[in-house]
Amino acid sequence: MIQFKDFNFKLHLINQLLNTAIFDVELDILVKKYNTIETDYSRQPIAEIITFCNELELSEQMLASITVFNPDGGDDIYQKLVANWNGE
C-alpha cells in the first residue's frame, strides 16, 4: 500500500481518477447518503467521505494512469467532500 504524507495531495490524485476508477461507484453512494446539499450549509468536510478517501488504497497502476495533475479549489472531489462547496 502506498502511503501519502499529505492528505490534500492524495485528494488531488483521487480527483484525477474520478469516473475512471472502480471506487467511484462507492464514493458516489457515500456522497448521495451524506452530502445533503439542501440542508447542510456548514461547509465542513463530511467525516464519512474523508474516512473513505483516507482509507482508499491507490495502486501503482492507478497512479500511473494519471497524465495531468493540476490541483484547483474547484475540483470535483471538494464538491463530494463538502456540501455547498463553491470552490472558494
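A residue counts as buried when its relative accessible area is under 20%, as exposed when it is over 50%, and as partly exposed in between (1.4 Å probe, protein chains only). Helices (H or I, at least four residues) and strands (E, at least two) are DSSP runs, numbered from the N terminus. The structure described here is a predicted model, in which local features need pLDDT of at least 70, side-chain atom pairs count only at pLDDT 80 or more, and totals for chains, interfaces and linings use all residues. Residues are numbered from 1 along each chain as its sequence is written, and side-chain values use heavy atoms, with hydrogens and water left out.

The protein chain contains five helices and zero strands, so its elements, read from the N terminus, follow the order α-α-α-α-α. Of its 88 residues, 36% are buried. The chain exposes about 5900 Å², and carbon and sulfur atoms supply 50% of that area; accessible areas come from the Shrake-Rupley method with a 1.4 Å probe, and for residues only the protein chains shown count as cover. A contact requires heavy atoms within 4.5 Å. Among contacts with a separation of 6 or more, 81% join residues 24 or more positions apart.

Helix H1 makes a friendly entry point to the interior. Its buried residues are Lys10, Leu11, His12, Leu13, Ile14, Asn15 and Leu17, and these pack against H2, H3, H4 and H5. Asn15 belongs to this helix, which spans residues 7-17. Asn15 counts as buried because its relative accessibility is 12%. Beyond its neighbours within four places in sequence, Asn15 is in contact with Asp75, Asp76 and Ile77. Both ends of the helix have features to point out. At the start of H1, a side-chain oxygen of Asp6 comes within 2.8 Å of the backbone nitrogen of Asn8. Just after H1, Asn19 adopts a positive phi of about 70°.

The largest nonpolar core comes next. A nonpolar core is a set of buried Ala, Val, Leu, Ile, Met, Phe, Trp, Tyr and Cys residues joined through side-chain atoms within 4.5 Å. The largest one has 21 residues, of which Ile14, Phe23, Ile49, Cys53, Leu58, Ile77 and Leu81 touch the most other members. The elements giving two or more residues to this core are H1, H2, helix H3 (47-55) and H5. Leu81 touches Leu11, Gln44, Pro45, Ile46, Ile49, Ile50 and Cys53, when residues up to four places away in sequence are not counted. Ile49 can also be placed relative to Lys33: their C-alpha atoms are separated by 10.0 Å, and the two are 16 residues apart along the chain. Lys33 sits in helix H2 (residues 23-34) and is exposed, with a relative accessible area of 56%.

Rings of Phe, Tyr and Trp (its six-membered ring) pair if their centres lie within 6.5 Å; planes under 30 degrees apart count as stacked, over 60 as edge-to-face and the rest as tilted. The structure holds two such aromatic pairs. In one of them, the ring centres of Phe4 and Phe9 are 6.3 Å apart and the planes stand at 45°, so the pair is tilted. The rings of Phe9 and Phe69 also form a tilted pair, because their centres are 5.4 Å apart and their planes meet at 55°. This second pair links distant parts of the chain, with Phe9 in helix H1 and Phe69 in the loop between helix H4 (60-64) and helix H5 (76-81), 60 residues apart. Phe4 is partly exposed at 23% relative accessible area, as are Phe9 at 40% and Phe69 at 39%.

Finally, charged side chains also meet. A salt bridge is a side-chain nitrogen of Lys or Arg within 4 Å of a carboxyl oxygen of Asp or Glu, and the count by this rule is one. The side chains of Asp28 and Lys80 form this bridge, at 2.9 Å from N to O. Asp28 lies in helix H2 and Lys80 in helix H5, so the pair ties together parts that are 52 residues apart in sequence. Asp28 is partly exposed, with a relative accessible area of 26%, whereas Lys80 is buried at 16%.

Conventions:
Polar contact = N/O pair within 3.5 Å; in protein donor to acceptor, adjacent residues only side chain to side chain.
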